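Take a look at the protein model below. This report goes through its parts one at a time.

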Amino acid sequence: MGDTTPFLKIRNLTKMFGTFTALKDISLNVNEGEFICFLGPSGCGKTTFLRAIAGLDIQTAGTIEQAGKDISPLPPSERDFGIVFQSYALFPNLTVNRNIAYGLENAGKSKKAIKARVAELLEMVGLSDQGDKYPAQLSGGQQQRIALARALATSPGLLLLDEPLSALDAKVRTFLRHEIKDLQAKLGITTVMVTHDQEEALTMADRIVVMDHGTIEQVGTPLEIYREPATLFVADFIGEMNQLPATAVNNTSTKVGDIELVCNEHTIAQGQSGILTIRPEDVVPHGKGARSPGAKDPIKTPQNTFDVTIKEMEFLGSFWRASLTSKKLHDHELIADFSINAVSRMALKEGGTIKVELPEQALRFYAADN
């Protein structure tokens, strides 16, 4: 992925359906061997984007280059990709072997070559003993693996996955996530996947493309998307997030209720309103004598620290989720996720009062209309 020439080069892509604009002037580079996820809510344009790359929905404007070749006007049959749909789209009247062999037969491969390739692919997806069965005789997870094997049969340069795991139950989905990612890394095939599942994108992608209303909100690694959301939409869409109405004091601090809080640097003018965000797991509880992580003086109170009352506590298995209130915050509730050990050590309970810290690096301030 160190090559400066992108494998997929998409420039100013626009797709209209009548008067409706599904994609608005989108540009994106995808490196060779990269695993990219298009992530966003229903109707954001992610599937249309994938279909445009495949040539299934030809763009209204803009260009798509693959491996240095302009494929913008080409029909799907002349593009170099394999695709897996949410519905698998296996031929019910053909055996597993024939399903996988379908593309190879159309390509005019010899029977011997086809048989060897099908056997290789079945072994690759862990279903060597299922070749003579029909799709209806397989589980959903097995069908999805066969669909993946069929997509890879002709050794395409690009693999397109359209919500490939959404029809499966949670346990199978989690298992196949790892299987697909491992297989993609092993083959080194450039892969673009559409998903609305945040966890899926965070665990599988090298980079995530977050979309909304036909535009790209942010492109970044899973860690960047989660820890450094570029817009309020991304902050709100990815994971749990507190959103507190606030006013800019200067470019590194804001005021929420009666509390001034130091935060990440922002560009909102003094006195302008906005939304201050922090993830629940970043709220730090402080017991007596506790100090901020990294603080040298245990006596000194860290900045952004204030008293709160625990209004409610909800046990969620690996942690407790607490609703916190404070007169200084006025009517704004703060949600915090506390570890089981912290709750036990500090004897936290509903109705109790504790100090919490909102670390500066975890606070981000966005314009209210962002």
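Predicted model: local features only at pLDDT ≥ 70, side-chain atom pairs only at ≥ 80, totals over all residues.

The sections below cover the sheet, the nonpolar cores, the salt bridges and one glutamine.

Look at strand 3 and strand 9. They pair in the parallel sense, over 4 bridges. Phenylalanine 38 stands opposite valine 209, which belongs to strand 9.

## The nonpolar cores

In soluble globular proteins, nonpolar side chains tend to be buried together. Here the largest nonpolar core has 43 residues. Which of them touch the most other members? They are Ile100, Ile146, Leu148 and Leu161. Helix 4 (residues 140–152) supplies the largest share of this core, with 6 residues.

Now follow isoleucine 146. Leaving out residues up to four places away in sequence, isoleucine 146 touches Leu90, Val96, Ile100, Leu122, Leu127 and Leu138. Another core lies apart from the largest one. That other core has 29 residues, among them Ala246, Ile310, Leu329 and Leu358.

## The salt bridges

Side chains of opposite charge can pair when their charged atoms come close. How many salt bridges does a search of the whole structure find? The search finds 10. One of them joins the side chains of arginine 207 and glutamate 34, at 2.5 Å from N to O. Arginine 207 lies in strand 9 (residues 207–212), and glutamate 34 lies in the loop between strand 2 (20–30) and strand 3 (35–39), so this pair ties together parts that are 173 residues apart in sequence. Is glutamate 34 buried or exposed? Glutamate 34 is buried, with a relative accessible area of 3%.

Aspartate 337 and arginine 321 also meet in a salt bridge, at 2.8 Å from N to O. Aspartate 337 is in strand 18 (residues 334–339) and arginine 321 is in strand 17 (residues 319–325), so the pair ties together parts that are 16 residues apart in sequence. Both aspartate 337 and arginine 321 are buried. Then there is the salt bridge between the side chains of arginine 98 and glutamate 105, at 3.3 Å from N to O. Arginine 98 is partly exposed, at 40% relative accessibility. Glutamate 105 is partly exposed as well, with a relative accessible area of 34%.

## Glutamine 130

Where is glutamine 130 found? Glutamine 130 sits in the loop between helix 3 (111–124) and helix 4. Its relative accessible area is 7%. The cut-off for buried is under 20%, so glutamine 130 counts as buried.

What does glutamine 130 touch? Setting aside residues up to four places away in sequence, glutamine 130 touches Val96, Leu138 and Gln142. Glutamine 130 and valine 96 are 34 residues apart in sequence. In space they are 6.9 Å apart, C-alpha to C-alpha. Glutamine 130 also has a partner in lysine 133: a polar contact of 3.0 Å joins their side chains.

How values were computed
Residues numbered from 1 in each chain as written. Heavy atoms only, no water. Salt bridge = Lys/Arg side-chain N within 4 Å of Asp/Glu carboxyl O. Helix = DSSP H or I, 4+ residues; strand = E, 2+ residues; numbered from the N terminus. Buried < 20%, exposed > 50% of the residue type's maximum accessible area, 1.4 Å probe, protein only. Core = buried A, V, L, I, M, F, W, Y, C linked by side-chain atoms within 4.5 Å. Contact = heavy atoms within 4.5 Å. Pairing = 2+ DSSP bridges. Polar contact = N/O pair within 3.5 Å; in protein donor to acceptor, adjacent residues only side chain to side chain.
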